[in-house]
Each structure stands twice: as C-alpha cells, then as structure tokens.
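Okay, everyone, thanks for coming.

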Amino acid sequence: MFKTNLLRQVTRAAIRQTPAFTATARQPAAVRAFTNSALLREKKDDDLDHTRHDELTTTGPPGASEHEGKFSRTDETIQVEYNENEEPASRPVQGRGGFHFKRTLASFSLEGRVGVVTGGARGLGLVMSQALVVSGADVAIVDLNKEEAAKQAQELMNHFRQENPGAENVPKVTAHYADVADPASVQAALDEILAAHGKIDNLVTSAGFTENFSAIDYPYDRIKKLWGVNVDGTYLFATGVARHLMERNAPGSIVMIGSMSGAIVNVPQPQAPYNAAKAAVRHLASSLAVEWAHAGVRVNCISPGYMLTALTKKILDDKPELAAKWTSLIPQGKMGRPEDLMGAVTFLCSDASAYVTGADLRVDGGYTVT
Ligand SMILES: NC(=O)c1ccc[n+]([C@@H]2O[C@H](COP(=O)([O-])OP(=O)(O)OC[C@H]3O[C@@H](n4cnc5c(N)ncnc54)[C@H](O)[C@@H]3O)[C@@H](O)[C@H]2O)c1
C-alpha cells in the first residue's frame, strides 16, 4: 500500500518538477516535517539584478542560468536530527524467506555458524539477521534497544518454524544490549554472546544512523556521536570478533554495512559527516581484510543505496517529493527493499565468497555508477 502511494506521489511530484526542500530546525523525529522553501528562493529574474539573483538562487557562477547544476547541489536548509528513542519498529520479512526445497549451492549454507548482527533490532539489520537465520545460522542480535531485539529474536524463530514446518533444528536467536560506541559495553556484549552461543563465526555491523545538517551548522557533539556509532562502533565490534576468531584459530567473515554515501555525495540533503563516516567504514573493511587475511578472517563491506525502511518511509510520507528526487538519480528507477540485502549478506558471510575479501558490494540499483 505504501508503494502504491509512493508511486502516485512520485509521479505527481515529478510532474510538478521537484522543488527544493527544507525542514524545521532540530525537531524530534516524530514531528519531522520538510517544508518547501523553493517559493522563498524563486524570485522572478526581472525583480533582480543578475548579481543578486546568483546570490539568492546559489545556482552557479555569475552568469549561469538558474537550472545549471541545480539537481546536483546540497540544500543547507534541510535538517533532520536522528533520535533513537522515537524511531519506528519494523517487522521480519513475511513469506519471502521461502521453504528450503529449491536447490542452490551448499556453500551458501550457514548451518553450524553463529552470526552477530549489530543494530539488528530493526531495519536493515533485522532483515539481514533474518537472512542468516533462514540460511541456518544461530544469531545474536545486538542493539541499544534490547527489548525490541528480544521481541524480534522470538519473531525470527517463529518465522523459521512457520516457513520450515517439521524442521528439527530451529536456529537459536538471542538478544543483547550494547552501545557499539562504548568499548566496555561492546566487550560486555561479546562476553554475553560467547556465554550464550559458545563461539562467533560471522559479524554484520549494521548499527548506524544518519542525520542532516549543513556542515557549518552541524552541532559538534552530534558529529562525535555519529562518528562514534558508525565508525568506532564498527571498529570495536570488528576487532573484538577478530580477536576471538584468532584465539580460536578459526576462520570467519565480517561484513560491514557502509553506504553508497561513502562513495558519492547525496543530494539534496547535506550530510558531510555521515558521508565521511561511511567512507571510513568502507576503507576500514579493506584495511582489516589485508591485516587479517593471514588468519583466515575475511572482511567485506556492503554499501546500500536508498532503501525503503520504516525510517525512510516516515521521511518520505512527510515529503514525497524527496523520493522523486532520489529515484530520478537511480538507474533502476526505484528505491531498494531491505530484502535486497539478504542475498548479499548471506553470500559474504558464507563459504560461497571464500576468495572475496576487502570488497565493497554496492546494492544501490546502479546509483553509484552514473
Ligand atoms: N536505510 C537506508 O536507506 C540505508 C542506506 C545505506 C546505508 N544504511 C546503513 O545501514 C545501517 C542500518 O540502517 P537502517 O536504515 O536499518 O537504520 P535503523 O535506524 O532502522 O536501524 C538501526 C539500528 O541500530 C541501532 N543503533 C543505533 N545506534 C546504536 C548504538 N549506539 N548501539 C547499538 N545499536 C544502535 C538502532 O537502535 C536500530 O535498531 C546503518 O549503518 C545505515 O547507515 C542505511
């Protein structure tokens, strides 16, 4: 139903020729609303001399016409602040796991493996947790929101039972609290996971968030928080799991969730610190892949494009024109579904990718190749 609405809204917005956007400053997520500032900016040419016109529209160097470069600019008036306490819950994917009667390569199976997914209580992390469970792995979901993680852990086991009637071995899914940006909290979670599962073979680092402020206005404490969760959190969990694998003398696979924002600059929403954080995650994966290759520990990155999660749905419900802008830049002409990551994460965690390390797998509908 959302997709139908979205399509209708996208078409309407495209016909209207996508205006620029702005949002009221520092509102909580629940009341986030983009407001259209295009009217404030659009003054008729004949009201203005050329110098003033260029200054107001910020469309380019003096003499440039109004549309030049317009669709490849960030808009500093867009502000979206992330608030982890007010974001919506998501649900496991229904009916798409599929019964295990279609043949595929045995090397894709994760049976006997234990996977850890940070940020697994919701959104992309939850769907990737489900991919590991469907592929036979036991999973430890780690999140700030332990209550939601515990609820979803139960749901994932229930779904597995429904989709595999008569299955003798139902994967064990557990929930654990951690603030991934806090070293002591990460170590406590790893200890708890090892006590519950005995070992860890795979790690998927999905805990992360984005928000929008122009670089000049970005509150410094929020930049530190954003880098702490997206970069430090990835580093701390990866090193913790690699240390465990090396002590066990066991091979393993780590998948870091970056973003296409680590390779391109999104428009129109300004988000320089997030883009830099995701570039760091991507290169961290390459660097650790080289450093740990001798130990059989593979490290890869998945860089998703715009995915339709509960989070993006809420933003787009408020401002559907943003979807028109985004999709107009995606060769496949649509945003991704969280399920589109299920195959990618299973591939990279499994032996099917045994000779793949240090790679960045973009799941972005072609966004970054144009
Ligand atoms: N949704 C997209 O379009 C998109 C695109 C590219 C990349 N990504 C990346 O994918 C990852 C997941 O995004 P999502 O859309 O599923 O987000 P989401 O907000 O739906 O889920 C993120 C989860 O991480 C948890 N989390 C946040 N801070 C944490 C912390 N300090 N410690 C532990 N857990 C924490 C949250 O509680 C939440 O459950 C992020 O790293 C994001 O940057 C998302």
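Let's start with Ser-72, which is exposed because it has 10 other C-beta atoms within 10 Å. For the cut-offs: 20 or more other C-beta atoms within 10 Å of a residue's own is buried, 12 or fewer is exposed, in between is partly exposed, and C-beta atoms are placed from the backbone.

Quick housekeeping: this is a predicted model, so to speak of local features we need pLDDT of at least 70, side-chain atom pairs count only at pLDDT 80 or more, and totals for chains, interfaces and linings use all residues. Numbering runs from 1 along each chain as its sequence is written.

Ser-72 sits in the loop between helix H3 (50-57) and strand E3 (114-118); helices (H or I, at least four residues) and strands (E, at least two) are DSSP runs, numbered from the N terminus. Ser-72 and Leu-329 are 257 residues apart in sequence, yet 9.9 Å apart in space, C-alpha to C-alpha.

Now the sheet. It's open, seven strands, parallel pairing, in the order E5-E4-E3-E6-E7-E8-E9; pairing takes at least two DSSP bridges between two strands. E5 (173-177) and E9 (360-363) are at the edges with a single partner strand each, so one side of each has no neighbour in the sheet. From one strand to the next, the twist averages 20 degrees, with axes being lines fitted to C-alpha atoms, for helices over the stretch in contact, and angles running from 0 to 180 degrees between N-to-C directions.

Zooming in, E6 (residues 202-205) and E7 (residues 252-257) run parallel, joined by four bridges. Val-204 has Val-255 in E7 as its bridge partner.
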